[in-house]
Structures are given as structure tokens and as C-alpha cells.
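Hi,

Here is the structure I promised to pass on. Have a look at it first, and my notes follow below.

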Amino acid sequence: IFHLAVRSHMSEQLTSQEVIQLTKDHNYGTWRKQKFWNPNHLVSADGCYFTDGNGKKFLDFSSQLMCSNLGHNNKAVIESIKKQAETLAYAAPFYATTARAELSKLLLEVLPEGLTKFFFTTSGTDANEAAFKIARMYTGKTKIISRYRSYHGSTAMSIAATGDPRRWPIEPRGKGQGIIFSPEVNCYKCPLKHSYPECGIACADYLDYMIANEGDVAAVIVEPVVGTNGVLIPPKGYFKKLREVCDKHGVLLIADEVMSGWGRTGKWFAIDNWDLKPDILTTAKGITSAYVPLGLCATTQKIADFFEDNYFAHGHTYEAHPMTLGPAVATIGEMRRLNLVDRANEIGAYLGEKLNALKPKHPSIGDVRGIGLFWAVELVKDQKEKTPFNTWQEKLDGKPIVVEQIAARMLGEGVVMQAWMSHFVLAPPLIVEKEDIDKAVAALDSALVMADSLLEQPSVA
Ligand code: PMP
């Protein structure tokens, strides 16, 4: 039953209020108690900006969900969608298609070397599900080691492998997926209480210890640069050690590049910054710049060879859907034409400078860190202890979260920035201009005064 008197003739255009009400009443709002969902009505988007139902324009400084890397309204990608729809809108996955062949050829050029066999999905979540199953089938082992402060997806196994407490509401029913957690790699606030480089990368040694004691470990999954949970960048030497630990135990290494891939870090893939050779790489988001939903699970030839004579027990109706593959070819073409990977480096350095300049002005800023066009500003209520303003339980309960309140102020100024627990993730489309960066940083600068003022009141917990 509609809660609003919505006109029965849908051909009449709905008002923004009706759009919002129908959406709220009949759709689930994700990752929240439903009563806390107040969606805005997005009407159109162009470049780094989108417009809502009131005609208000917003600077999209999070590329929606760190996925609209090319920006909105890219004509070449839109054309490719039309062309694919007119030529071959769907083919069952056991057929060869031109889009699939063209994309495979391009992937061999842009993916890190050694990844030669592909399974196309429709999201990052199911790319990881495929990776877990492939790792288990290939190794004949069960356990998967993930890390706290990670996100790997929302279906049964990928949420169980998610280290951040978004998995709490489905536990304990979600347990028993054979997932175990290791401490995150966080040189700002090391969970092992070490500091780099004196630590000798103790977190990688800890993993060695874990695998030796657990036994039956099929794979380790890492976000090479942790995304939503705060753009955590591993120290130099970490991946070399991680690769050695995995090889020592015959454990596969899965790089989850769902968010960190496609130019975000100033390289095609984040691991290109360290020359890591994973056994499996998963990705999604930027692969089509979010124009259509596509995910990818890519494996080495060694894994591929195993399945020549072993049953590949996996598949979907919408796997390798032509409507997703054609636009991915166009997306890669546009990234190359606009030289966006190098651009992310150049303009990302400018963003980094501006953010670092905020640090001395705001006592609430604990850390500024980033790579390419992927930055985080972490807030603390106590510089020495690095204590966050809020706890995870408060977030799950829908209590006020300081960074979200600051983000709401920025929204008032027409800037969208992702606020998460105790930090902001800054990840604009790779086409972002310096003026857009100036605007976003200025909005952050003025809104941060609120967090600074909380520091002066010791009673505020
Ligand atoms: N892995 C990582 C690192 C992600 O950031 C995400 C999405 N934010 C996922 C997996 C899941 O991808 P999707 O939302 O497309 O299912």
C-alpha cells in the first residue's frame, strides 16, 4: 500500500517527494536501521557533479561509491552501451562473444602480469565469492585468512570474510564459513603496537605464525590499499614478505582490488605500486566506471591449468553478460585516451598537499594519508591515544557519528564526501579539476571546526 496518494497514472511525472516516499516505503536501505534512511532524489549527473530533485548541484567527491572513476555522462561509454544493446544484448555464458574476446585481450594488457584467465561477475562481492571457491577447489584446503578493518562484500561468505563489524549483525549465524582474521596493516595505529621500520614488518611474521598454527589454509585475502576502512597503505617491504609467507605454506594470495583498481592509486592496479604477484585478483567498480555492473575474478595460468582436468563448479546466468563487457572495453579505451592513470598521480599530489596543509590547523585531524586520488583524513578526539570519536556499536545502533555530522554540513555546501566511522575517504572521479579539489577541501576545512570544538569539551565522549 502506498503511504502517499501517488497518482495512478504513472505516465504523469512523479514529484521528487513521491520518488523519495516510494523508494523509502518499498525498498530496503542498505547497512542501516530502516528508519534512518532519508535518501535524496538524484536526477542527473555530468562530469564530477550531480543534481538532485530540487535542482541543487553537488560535487561528487567520492565518485558515488568510489566507482564513477571516469565521471558521469561519458559519451563514448554511453555509445558503447547503446551499440551493445542493439547488437547482442544477452548471450548465455557458454557462448563466445566479441565483447568478451575484446575485453579479455585488453585485460591482458592492463592487468598485472601473470593473470591470464578470467571469470566475469556482476559485482565485487561475487568476484570474491568466485575467488574463495576457486582457491578452495584448487588447493583442496578450507580456511581463508582475511584482516580486520577490511570489506570484501555482502553475501554469506564475503561478509563473513569482512573484518569490519558490518558482519556482527549476521553473526553467529554467518560464522562457520572457514574465515579467520589477522590484524590489519596500519602504520598510523598499529594493532600490534609496533612502529615501522623498527617492527621489521611484524604483521607479516604474525601471518606466518597464524598459518603455521591454523593449518588447512587455502588463501589469504587482502585489499592492497584498504578502501572504505580508511585508505590504509602497507609499508615498503610488506608485500614481498607476504608473498614469501604464502609461498612457504602453499597458500594462495588474493588481491581484492574492487576499490583500489583502475587508476585510483595512480597505477592501473594498486599492487603495481609494489610489484606484487597475486594468484588471484578480484575487481569491479572502476572496470566499467559504474556505467554497468561488472566484476572480475582473474587467476594465474597455473590455476587455470588445474581446471583443465578438474570440474569448474561455478557459474551464473548473468556471468560475462555482453551488456557489461562492451562498456568495459569502452571504459578502458577512455581511460587510455584521457591518460587518467597518470592524471590520478599528478592531480592526486595536489589533493595531498592541500589536505596536509589542513593538519596543523585542526587538532581533530589525527592522520592524513593517501596515494594517487585515494586519500583519507582520520579524526581523533585525542592526538596521543589516537582515540576515535565513535565506536562501531554506536554506528550499528544509529547513534550520531561525528564524521557523518561533518559530512552533512559539507552536503549543505554542495560537496559529497564519504564519511566512515572516524575518517573521510576522498576519492573523486579521476577527471577532477583543481578547482573542484579547492572547493572540496575548503568545505572540509570549514566543517572540521565542529570536530575541533568537541575536543575542547572533555565531557563529550
Ligand atoms: N571489496 C572491496 C574492497 C570493496 O570496496 C567492495 C565494495 N565497496 C566490495 C569488495 C564489494 O563490491 P560490491 O559492492 O560491488 O559487491
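For the classes used below, Ala, Val, Leu, Ile, Met, Phe, Trp, Tyr, Cys and Pro count as nonpolar, Asp, Glu, Lys and Arg as charged, and the others, Gly among them, as polar. Please keep in mind that this is a predicted model, in which local features need pLDDT of at least 70, side-chain atom pairs count only at pLDDT 80 or more, and totals for chains, interfaces and linings use all residues. Residue numbers run from 1 along each chain as its sequence is written.

Let me start with the ligand. The shell around the ligand divides into five nonpolar, eight polar and two charged residues. Of these 15 residues, Ser123, Gly124, Thr125, Val258 and Met259 come nearest (a residue is near a molecule if its C-beta atom, placed from the backbone, lies within 6 Å of it). Helix H5 (residues 124–139) gives the most to this shell, with three residues; helices are DSSP runs of H or I with at least four residues, strands are runs of E with at least two, and both are numbered from the N terminus.

Next, the domains. The chain is divided into domain 1 (40–70 + 340–455) and domain 2 (75–337), with bounds that come from an automatic or database domain assignment. Taken over C-alpha atoms, the centres of the two domains are separated by 25 Å. In domain 1, 29 residues are in contact with 29 residues of domain 2 (in contact: C-beta atoms, placed from the backbone, within 7 Å). On the side of domain 1 that touches domain 2, the largest share, five residues, comes from H11. By class, that side has 17 nonpolar, eight polar and four charged residues.

H11 also packs against helix H14 (residues 434–447), at an angle of about 20° and with the axes 10 Å apart. Axes here are lines fitted to C-alpha atoms, for helices over the stretch in contact, and angles run from 0 to 180 degrees between N-to-C directions. H11 and H14 are therefore roughly parallel to each other (angles under 35 degrees). Ile347, Tyr350, Leu351, Lys354, Leu355 and Leu358 in H11 meet Lys434, Ile437, Val441, Leu444 and Asp445 in H14. This contact has eight nonpolar, no polar and three charged residues.

One more helix pair: H4 (residues 98–110) and H10 (residues 322–337) pack at an angle of about 40°, their axes 9 Å apart.

Best wishes

Key:
Contact = placed C-beta atoms within 7 Å. Parallel < 35°, antiparallel > 145°, perpendicular 65-115°, else oblique.
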